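Here's a quick tour of one chain, starting at a single side chain and then zooming out. Have your viewer ready.

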Amino acid sequence: MKDSTFFLVLTAIIFLAACHPAPPAQKPFETEYPKGSFGYDLDFLKQNDSVVVLNTKDGNSRVIVSPKYQGKVFTSTDSGANGRSFGWINYKTFAQPSLDAHMNAYGGEDRLWLGPEGGKFSIFFRPRNEMTIAHWHTPTAFDFEQWTLTMKSENKVSLSKSTRILNYLGVISSLNIIRDIQILEPADEKKMLGVDFNQKVETVAFTTKNTIINTGPIAWYQKSGAPCLWNLDMFTPSPKAVIVVLYDSSGVGKKATTDYFGKISPDRLKYAKNVILFRADGKSRGKIGVPPMRAKNVAGSYDGQNNVLTIIQFDLDPQGTYLNQEWRTDRPPFSGDAVNAYNDGPLQNGTQMGPFFELESVSPAAFLKPQEGMSHTHSVFHFTGDKDELNQIAVKVLGISLADIQAAFK
């Protein structure tokens, strides 16, 4: 009787997740701004959502946050409406006639997901399903459901979402997510990164504090599995964009996971002292990750074609228990990575979601008792302008010059 009740509940959950409502019809889009600009993206998003725009004191740096689209930071700019839009937005997804069963890739410069994606505690694969793209489904609260806006001001916004998740073992968990997002002033950036720069540099940055609370009656522990918080930042690739992931080259144990989606070609991945360099051209699908005992709490990218230096900074616990997110169940479930990077590319059938590339950070597993919470902070920084000033920031924070980044894949 107990087994039959469980499968009835499971069937109901699967049925509800599969019944995706169709999005509203798309309105004709008109804007005075060129594609690729912040103004273009703001006008585009306004026809789909009453977005929130955060501003610095001078009004030049701006960030777009969307309650309707899962509390995403869709994009940002360092120079007003005519400035470059730094986030990757998948315009075609907004016009699709029905919701995708696997993932509705709206894009977003910073979105929040829960992990693990793969492994025996996965929340992206239903119990006993093979871990392939055909069976992969993003939890609905982080895919297409609206979040609640609980507070907003000129420079800060708070959002929340209550939901339930089902893991690969068949365990159902209830939880609440709180997301606080704040745009940063240049003085904040200098303090957080330990850098200095002058008026020749234009910049925008924001920080997100992401909190998960166990609202169910049962504790999350190692035998039943536990979720983790997962920040993913989507950016537009270019032929000269290179991801920089820091690691401790003098440490012990595995340097990095490089076979999430198969082996990465040597002409796309290189190791230097304390850094891993990874091509971000959006032409070949691959993902890398660094375990917590080897990782550093920063990573970044440099787009030499557009002279954009991007840095992410995040919470890191070198002794923490991180979940393995690989699409397989034959590896230890608590041997995961703390920081990841992804380059999009065509699937085997020739289709492609992007192109885009991602910088990602994850929290340790949230082993929480009922009503306990855990937070993960993740910040994004963009710098454009004087190349010498940008080079000083790169050397200070990433430990490598812009010239050496660009020379890696000539």
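With which side chain does the side chain of S158 make a polar contact?

## S158 and its surroundings

The partner is D180: the two side chains make a polar contact at 2.5 Å. A polar contact here is a pair of N or O atoms within 3.5 Å; within protein, one has to be able to donate a hydrogen and the other to accept it, and residues adjacent in sequence count only if both atoms are side-chain atoms. Keep in mind that this is a predicted model, where local features need pLDDT of at least 70, side-chain atom pairs count only at pLDDT 80 or more, and totals for chains, interfaces and linings use all residues. Residues are numbered from 1 along each chain as its sequence is written, and side-chain values use heavy atoms, with hydrogens and water left out.

S158 sits in strand β6, residues 156-166. Strands (E, at least two residues) and helices (H or I, at least four) are DSSP runs, numbered from the N terminus. With a relative accessibility of 8%, S158 counts as buried (buried is under 20% relative accessible area, exposed over 50%, partly exposed in between; 1.4 Å probe, protein chains only). Skip the neighbours within four places in sequence, and S158 is in contact (heavy atoms within 4.5 Å) with T148, L149, T150, M151, R179 and D180.

## The whole chain

Zooming out, the chain has six helices and 18 strands. Its radius of gyration is 21 Å, close to the 22 Å from the globule rule for 410 residues, so the chain is as compact as a globular protein of that length. That radius is taken over C-alpha atoms, and the rule is 2.2 Å times the number of residues to the power 0.38.

The C-alpha trace spans about 70 × 55 × 45 Å along its principal axes, and 55% of the 410 residues count as buried. Of the contacts with a separation of 6 or more, 70% are between residues 24 or more positions apart.

Most residues other than glycine have a negative phi, and most peptide bonds are trans. Now for some exceptions. G115 and P116 are joined by a cis peptide bond with omega about 5°, and P116 is in the loop between β4 and β5. Another cis bond links G354 and P355, with omega about 20°; P355 is in the loop between β16 and β17.

Two asparagines also stand out. N274 has a positive phi of about 65° and is partly exposed at 29% relative accessibility. N307 has a phi near 55°, but N307 is buried at 18%.
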